[in-house]
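Trainee: Could we go through how the helices and sheets pack in this one? I have it open on my screen.
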Amino acid sequence: MSIRITGTGSYIPEQIQKNNDFQNREFYTIEGESIDTPTDIIVEKFKAITGISERRYANTNLTASDLGAFAAEKALLDAKIDAESLDYIICAHNFGDVKHNAIQSDILPCLAARIKHLLKIKNPKCVAYDILFGCPGWVEGVVQAQAFIKAGMAKRCLVIGAETLSRVVDPFDRDSMIYADGAGATLIEASEQEGGIIAHESASYTHDEVYHLFFGNSNDKTQDEDVRYIKMYGRKIYEFALNNVPAALKECLDKSGYSIQDVKKILIHQANEKMDEAIVKRFYRLYKAPVPEGIMPMTIHKLGNSSVATVPTLFDLIRKGEVKDHNLNKGDIIIFASVGAGMHINAIVYKY
């Protein structure tokens, strides 16, 4: 028996926010000092580093659970299964449902329960719960789904990553340009076919690194001090990722029994183009091997960083032939990987 992804779906919001839309912003440092650099230069440097030229925001009437349900419906249709047959719905997110112009997140009830409700599933034996694991949440959800199936506790799980980061960004913070909204969903099932999930690796670094990403005040210190926004120490995250993610990828690949030459695609969390390129370069350096052309497909240029949604969305778009010059063939070895708040790292070696 193998454990495979049998269906995928994604929801990409309609609202496009281009880099030019930030030209009239006034930015401050995290210490509250005004940044004197002209905004057009800030935006230009931002694109050069992150690769982002535009991102997607959810319509004002939608929340993260709505986005997750849209992606889930597509995944169920793709897998050709009845939603009533699901054993688990696992939803990864960071901030719950944040309504447009609200200052509170809402996770009562949990998003997975809301998505189950939106899918009109009546079966009470379909257990719905959330996972809070930073940006690596969807990958970790897949790891958990696999464990349930291996243990005989489930045959079929729906794993979703959904987020509306546009609702928790500080408009006075340059990092606000990174974040986006979106959702991706996958069906995980036991299968008689070979392949599927071959190996996985997870780790949590919480001693000195736990608050590299956090919830904090606006960079503009004249704003309401009781309102919190997503914040990060970008340089520390960059250094952490480069120092730890390549080794985790190697450990996962070595555990799988496959070689670096067998890897066809690395689907890494779309956080920052330069950082992701550096991670993959260091990963290949550990094997003293060159980085193959086209090994790391990217969607960050147009979709931005939608946290838990980036990897399942990327996977779905490649499967559906919507990422230029990238495709997957039966038997291909793929690595799913992510790093994020916590600080958490994880990876899966998967045979397509």
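Trainee: Which strands does helix 4 lie across, to begin with?
Mentor: Bearing in mind that this is a predicted model, helix 4 (residues 137-150) lies across strand 1, strand 4 (88-92), strand 5, strand 6 (156-164) and strand 7, and it runs at about 165° to strand 6.
Trainee: And which strands does helix 8 touch there?
Mentor: Helix 8, residues 310-319, packs on the sheet and touches strand 1 and strand 7, with a direction that makes about 90° with that of strand 1.
Trainee: What's the strand order in that open sheet of 5 strands?
Mentor: The order is 1-7-6-4-5, and the pairing in this open sheet is mixed. Strand 1 (2-11) and strand 5 (127-131) each have a single partner strand and stand at the edges, so one side of each is left without a neighbour in the sheet. On average, and ignoring direction, neighbouring strands of this sheet are turned by 20° against each other.
Trainee: Switching to the open sheet of 4 strands, what's its order?
Mentor: That open sheet has the order 8-13-12-11, with mixed pairing. Its edges are strand 8 (196-204) and strand 11 (263-268), each having a single partner strand, so one side of each is left without a neighbour in the sheet. The twist from one strand to the next averages 15°.
Trainee: How do strand 11 and strand 12 pair?
Mentor: They pair in the parallel sense over 5 bridges, strand 12 being residues 333-340, and Lys 265 stands opposite Ile 334 in strand 12. Helix 6 (residues 273-285) packs on the sheet, where it touches strand 11 and strand 12, and its direction makes about 140° with that of strand 11.
Trainee: Which strands does helix 4 lie across here?
Mentor: Helix 4 lies across strand 8, strand 12 and strand 13 (344-351), running at about 60° to strand 13.
Trainee: Last topic: at what angle do the axes of helix 2 and helix 3 cross?
Mentor: The axes of helix 2 (residues 64-79) and helix 3 (residues 111-118) cross at roughly 55° and come within 9 Å, and the two helices are therefore oblique to each other. Helix 2 passes helix 3 in a right-handed crossing.
Trainee: Which residues make the contact?
Mentor: On helix 2 they are Ala 64, Ser 65, Asp 66, Gly 68, Ala 69 and Ala 72, and on helix 3 they are Leu 111, Arg 114, Ile 115 and Leu 118. The residues of this contact divide into 6 nonpolar, 2 polar and 2 charged.

Terms used
Residues are numbered from 1 along each chain as its sequence is written. This is a predicted model: local features need pLDDT of at least 70, side-chain atom pairs count only at pLDDT 80 or more; totals for chains, interfaces and linings use all residues. Side-chain values use heavy atoms; hydrogens and water are left out. Axes are lines fitted to C-alpha atoms, for helices over the stretch in contact, and angles run from 0 to 180 degrees between N-to-C directions. Angles under 35 degrees count as roughly parallel, over 145 as roughly antiparallel, 65 to 115 as roughly perpendicular and the rest as oblique. A crossing is left-handed if the near helix is turned anticlockwise from the far one by less than a right angle, and right-handed if clockwise. Contact means heavy atoms within 4.5 Å. Ala, Val, Leu, Ile, Met, Phe, Trp, Tyr, Cys and Pro count as nonpolar, Asp, Glu, Lys and Arg as charged, and the others, Gly among them, as polar. Two strands pair if DSSP finds at least two bridges between them.
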